[in-house]
Amino acid sequence: MKAIRRFTVRPVLPDPLQPLSDLARNLRWSWHTETRELFQAVDPVAGRTADGDPVRLLGAVSAGRLAELARDEAFLHRLAEASAGLQDYLQGPRWYQEQLVQGVELPAAIAYFSPEFGVTAALPQYSGGLGILAGDHLKAASDLGVPLVGVGLLYRHGYFRQSLSRDGWQQEHYPVLDPNELPLTLLREADGTPSEVVLALPGGRSLHAHIWQARVGRVPLLMLDSDVEGNAPGEREVTDRLYGGGSEHRLLQEMLLGIGGVRAVRAYCRLTGHPAPEVFHTNEGHAGFLGLERIRELSGNGLDFGSAVESVRAGTVFTTHTPVPAGIDRFDRELVARHFGDDGELPGVSAERILHLGTETYDGGDPGVFNMAVMGLRLAQRANGVSTLHGAVSRGMFAGLWPGFDAPEVPITSVTNGVHAPTWVAPEIYRLRTESGGTPGRWDSAAAIPDRQLWDLRRTLREQLVTEVRQRLYASWRTRGAEAAELGWIDGVLDPDVLTIGFARRVPSYKRLTLMLRDRDRLRGLLLHPERPIQIVVAGKAHPADDSGKRLVQELVRFADDPRVRHRIVFLPDYGMAMAQKLYPGCDVWLNNPLRPLEACGTSGMKAALNGCLNLSVLDGWWDEWFEPDFGWAIPTADGSAMDEDRRDDLEANALYELIEDRVAPRFYDHGGEGLPERWIEMVRRTLGTLGPKVLAGRMVREYVERLYAPAALAQRSLDATTARELADWKARVRAAWPRVAVDHVEAVTPTEAGGSAELGSTLALRVRITLGALEPDDVEVQAVAGRVDAADAITDAQVFPLKPAGGQDLEGRWLYEGPLALDRTGPYGYTVRVLPAHPLLAGGAELGLVAQPTGGAGEGAGLLMR
């Protein structure tokens, strides 16, 4: 029989055990080893059933066991220490507070919006790298004391649980998540009623959402839930699944995340006294509607639309994670118009002006769609990619929004992702570093670990992975319909003394799950090598709607099912945080072979590196930035534009096989006189000690604070209502006048040799005449841009030299600008002159996307070359 109603009966903890509730409700336990060990001691058997989730554990432990613990002085002492430690962590000053003491101007609070958050397996609200990155961002912010407020949605079915059919086809399952059984609390008004946000929908309908709160250390994470009684059935399902449903469903999710999320933050700050955010961080375009809600707020305070946009832009940071246009959410323009018209959300805000924010105005853009990333960039004064290479790719991808500027000048910077070490590093590695005389948190302490201890630890972690793999593989085969009697072979799967390679990630085609299968005979030879065998652990989920990805999974599974190799290669279904935390430490090599440059960052390799696992990867994402031979190997790429896809994959797969065959496996198995692979161990040591500090989420969050959050807060404070109006009016005046701005004449004065050459170290004196029309010199900046030129006279590696006004207007109304141009490089050299808008409140000269340059007949000597 099925229950007609489900609810949760909470345990009543004896008074001495009350601190357990606070410890369980703060997700710091997910990265704090001592707290996890304390909960394991509550009831080891129930703890295994609860998969390490303290909330589920406390709901399963017997009253008798609780009474026993309440009398256990040793346990109560541990509990008191853990409780005091949590309070000190939550209330004591940390890095951020030290900056404030030193007078650094930092924001009072930052709101961080993301469509998914991977904090712990006990709160399954993530699908892949974007969510895990968001979770690590919150944790690192908590450790540093950054006053972040996370904002997301609570999906009642999460993403999906993955299993396999007998023939290896991916199957999806969507278990129902009861918020009352999760480490969450409902945000309530002073009278005890649930706090609620409401969005207006077309046709007089409304979308209601409650606000659940997770405590991620010091950081509150607010999660909106539409499964409430005030909604009609269709609206209740808005937060049913992560990345589920059709276009309108996704639009409603993103409206709730952005618009409802801002309203949730306001409610939280009102009820708790938390400082109001000065900076809003949009983690990918899904949350971009937050800018529209803030425009509505400001419009209600008397600002016109243009002035409100300037105020919103000043305090907004936008992070893009996608390296391809296909990865961006784009909605039909009419669908968006219907939801933001007079009959929908944000009444009083012009629907046409809203639509313009997301219009693809660049060459090749589709005027019929609303682009969430375009809106995100237009409503954020500061934007970034998530690795140096991805920043460059993003500047090229979005260059059309800044016509007239070369891609390197597009105002999108980069902050390379990082990962939260306490979450992803095996406790055994932390302990070994401390026991060897190292200081916790100091990665250079890896140098002090003796070779034998380091090698023995690596084998211990590999052995733990073998045990984990066998248990998961057995469960998977039982789900696939196998009988226990036919699964004896699983006891021989993997070997703790064999070189172990890991490959685990989402399964879009560009990540090339099956590249390793390109030459199956050669792969079998590597797996079954008599002296230097390898073994491979593979995991990953394909999107439920991606049949091509599912076919890749099936292809890999069928190869791994072959009795000849199934003891050396396994596919583990249902990849998630719990599996990953065992997988990274237990692997010797982490494999990543995406199509370059389609991997925005690729943080799984960072997590592996923190555990002493070496990387074997295409030079993409973070590996392109920090690869050194000390840390692993680079797979050569065949990424020429004319390369046939099959030929490219053949070449890169062959390069992968050769690296494993000739360099990776020999180094692992080449043991010296003491029976240790000294060169391998040294690479592990360098990975831990030198690469480790670079890939930390703490480094990443400090960069966000110093390079993006602090400048955004200062810009926001500079824009009161009057200043915002003045800036909006100035921009409107500049845009209207810009068609008449022109570079009329350029002349250069320098002693040059015959043939148009000059000597290194000489100076070129430039004189430029500019027409400004209705603008004044204070409205613009005139620059010389110089550098080496290629065969088409395009300037590369450009330098900018400002030119200054030299007197007033001439008789023709032109302004004279002058300045020196130092010739500090040899070879073909060229320059040009340009005019940009200039204002103290602009983040950079390219912000408005306006530039004036010489026409063909404006310059004399503009083709100067130096050899």
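Let's start with contacts. In the protein chain, 73% of the contacts with a separation of 6 or more are between residues 24 or more positions apart. Contact here means heavy atoms within 4.5 Å.

Some ground rules. This is a predicted model, where local features need pLDDT of at least 70 and side-chain atom pairs count only at pLDDT 80 or more, while totals for chains, interfaces and linings use all residues. Residues are numbered from 1 along each chain as its sequence is written, and side-chain values use heavy atoms, with hydrogens and water left out.

Now the overall picture. The protein chain has 28 helices and 26 strands. Those are DSSP runs, numbered from the N terminus: helices are H or I with at least four residues, strands are E with at least two. The radius of gyration is 30 Å, close to the 29 Å from the globule rule for 867 residues, so the chain is as compact as a globular protein of that length. That radius is taken over C-alpha atoms, and the rule is 2.2 Å times the number of residues to the power 0.38. Along the principal axes, the C-alpha trace spans about 95 × 75 × 50 Å.

Next, burial. Of the 867 residues, 57% are buried. Buried means under 20% relative accessible area, exposed means over 50%, and partly exposed is in between, with a 1.4 Å probe and protein chains only. The chain exposes about 34600 Å², and carbon and sulfur atoms supply 50% of it. Those areas come from the Shrake-Rupley method with a 1.4 Å probe; for residues, only the protein chains shown count as cover.

Helix α5 covers residues 63-70, and its buried residues are Leu 66, Leu 69 and Ala 70. Seen down the axis, they fall within an arc of 100 degrees, so they line one face of α5. The arc is that of the directions from the helix axis to the C-beta atoms. Their cover includes α2 (33-42) and α6 (73-91).

Which residues are buried in helix α20, residues 520-527? They are Leu 523, Arg 524, Leu 526 and Leu 527. They cover an arc of only 160 degrees around the axis, which puts them on the same side of α20. Among the elements covering them are β16 (534-539), α21 (547-560) and α25 (645-669).

Stay in that part of the sequence. Leu 513 sits in the loop between β15 (499-504) and α20. Leu 513 is buried, at 3% relative accessible area. Leaving out residues up to four places away in sequence, Leu 513 touches Phe 503, Val 507, Val 538, Leu 552, Val 553 and Leu 556.

Last, backbone geometry. Most residues other than glycine have a negative phi, and most peptide bonds are trans. Here are some exceptions. A cis peptide bond joins Arg 596 and Pro 597, with omega about 5 degrees. Pro 597 is in the loop between β18 (589-592) and α23 (604-610).

Leu 346 is not a glycine, yet has a positive phi of about 60 degrees. Leu 346 lies in the loop between α13 (333-339) and α14 (351-357). Is Leu 346 buried or exposed? Leu 346 counts as buried, at 0% relative accessibility.

Asp 793 also has a positive phi, about 65 degrees. Its loop runs between β23 (780-789) and β24 (795-809). Asp 793 is exposed, with a relative accessible area of 57%.
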